[in-house]
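Trainee: I would like to go through this structure and learn what stands behind each label.
Mentor: Then ask about the labels one at a time.

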Amino acid sequence: MKNFRIEAIILAIGLLLLGVFIEKGFSKFAEKDRSVTVKGLAEIEIPANKVTWPLVYKSLGNDLGRLYDDIKRSNQTITGFLKEKGLTEQEISVNAPEIIDLAAERYGNNQNPANRYNVTTVITVTSDKVDLIRGLISEQGELLKRGIAITSGEYQYKVQYEYTDLNKVKPQMIEEATKNAREAAEKFAKDSGSNLGKIRQANQGQFSITDRDPNTPYIKKIRVVTTIDYSLEN
């Protein structure tokens, strides 16, 4: 009888401990599944460090030989102007002219044009001297005094500004985005009566580089959003 009582007590203690362990296990399991997913944004504005400037002009005529000579002189005038302003030979590229024979156009309305040949010539400037180029763009009317009319407004010949040193700003932007994400997670944890735990999963996200606005394409906006999953603890 005595042994039976001892066994019963041991069994009762075992069941009690088992219940405690099961309760703790369920509690741990529930805590394990508690988490919060937050996003952190980092954004900066930075000047472009590369510019591509196409200078386009057109020539009309009936004599290809004479047109060739005129284009050669015009190219020399334009490249001379650019070098005078501080650009180097390596920053200037003269493209082959594009010639349209208007008399040979099947769908043209004018089969006997006053000028048979329409020639488009493009001189492209590619440089990291962004401020200098911006100044020259406003001064390109000076070429009119030298007999050259630069055309504008054609979509394929627009000035393009770029920022190419993304690796320089990546670390600080990721740090800022991660900090902002953690602040949001801590606020959520506090409001929900929890403590913020460790990072369970993190996604850096894609960097995007866009113009600040249509009027200032030489100022770039760089943006990154990080997504971080934190565990929550009681």
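**Labels and their cut-offs**

Mentor: Lys 168 is exposed, with a relative accessible area of 63%.

Trainee: Why is Lys 168 called exposed?

Mentor: Buried means under 20% relative accessible area, exposed means over 50%, and partly exposed is in between, with a 1.4 Å probe and protein chains only. Lys 168 has 63%, so Lys 168 counts as exposed.

Trainee: What should I know about the model itself?

Mentor: The model is predicted: local features need pLDDT of at least 70, side-chain atom pairs count only at pLDDT 80 or more, and totals for chains, interfaces and linings use all residues. Residues are numbered from 1 along each chain as its sequence is written, and side-chain values use heavy atoms, with hydrogens and water left out.

Trainee: What makes Asp 165 and Lys 168 a salt bridge?

Mentor: A salt bridge is a side-chain nitrogen of Lys or Arg within 4 Å of a carboxyl oxygen of Asp or Glu. For Asp 165 and Lys 168 the N to O distance is 3.7 Å, so the pair qualifies. Asp 165 has 27% relative accessibility and counts as partly exposed.

Trainee: How many salt bridges does the structure hold?

Mentor: The structure holds 17 salt bridges. One of them joins the side chains of Glu 43 and Arg 223, at 3.2 Å from N to O.

Trainee: Why is the pair of Glu 43 and Arg 223 said to tie together parts that are apart in sequence?

Mentor: Glu 43 lies in strand E1 (residues 35-47) and Arg 223 in strand E9 (residues 219-233), so the pair ties together parts that are 180 residues apart in sequence. Strands (E, at least two residues) and helices (H or I, at least four) are DSSP runs, numbered from the N terminus. Glu 43, at 37% relative accessibility, counts as partly exposed, and so does Arg 223 at 36%.

Trainee: How do you know that Arg 212 and Glu 45 meet in a salt bridge?

Mentor: Their N to O distance is 3.4 Å. Arg 212 is in the loop between strand E8 (208-211) and E9, and Glu 45 is in strand E1, 167 residues apart. Arg 212 is partly exposed at 35%, and Glu 45 is partly exposed at 48%.

Trainee: How many helices and strands are there in the protein?

Mentor: There are four helices and nine strands. From the N terminus on, the elements run α-β-β-α-β-β-β-α-β-α-β-β-β.

Trainee: Why is Ser 59 called buried?

Mentor: Its relative accessible area is 12%, so Ser 59 falls under the limit for buried. Ser 59 is in strand E2 (residues 50-61). Ser 59 touches Leu 67, Ile 71, Tyr 117, Asn 118 and Val 119, not counting residues up to four places away in sequence; contact means heavy atoms within 4.5 Å. Of the 234 residues of the protein, 30% count as buried.

Trainee: What makes Tyr 161 and Tyr 218 an edge-to-face pair?

Mentor: The structure holds one aromatic pair. Tyr 161 and Tyr 218 form an edge-to-face pair, at 5.9 Å centre to centre and 70 degrees between the planes. Rings of Phe, Tyr and Trp (its six-membered ring) pair if their centres lie within 6.5 Å; planes under 30 degrees apart count as stacked, over 60 as edge-to-face and the rest as tilted. Tyr 161 is in strand E6 (residues 160-162) and Tyr 218 in the loop between E8 and E9, 57 residues apart. Tyr 161 counts as buried, at 12% relative accessibility.

Trainee: Where is Gln 156 found, and is Gln 156 buried or exposed?

Mentor: Gln 156 is found in the loop between helix H3 (130-139) and E6. At 54% relative accessibility, Gln 156 counts as exposed. The C-alpha atoms of Gln 156 and Pro 54, 102 residues apart along the chain, are separated by 9.3 Å.

Trainee: Where is Leu 102 found, and what is its label?

Mentor: Leu 102 is in the loop between strand E4 (98-101) and strand E5 (117-127). Leu 102 is partly exposed, with a relative accessible area of 28%. Its C-alpha atom is separated by 7.1 Å from that of Asn 118, 16 residues apart along the chain.
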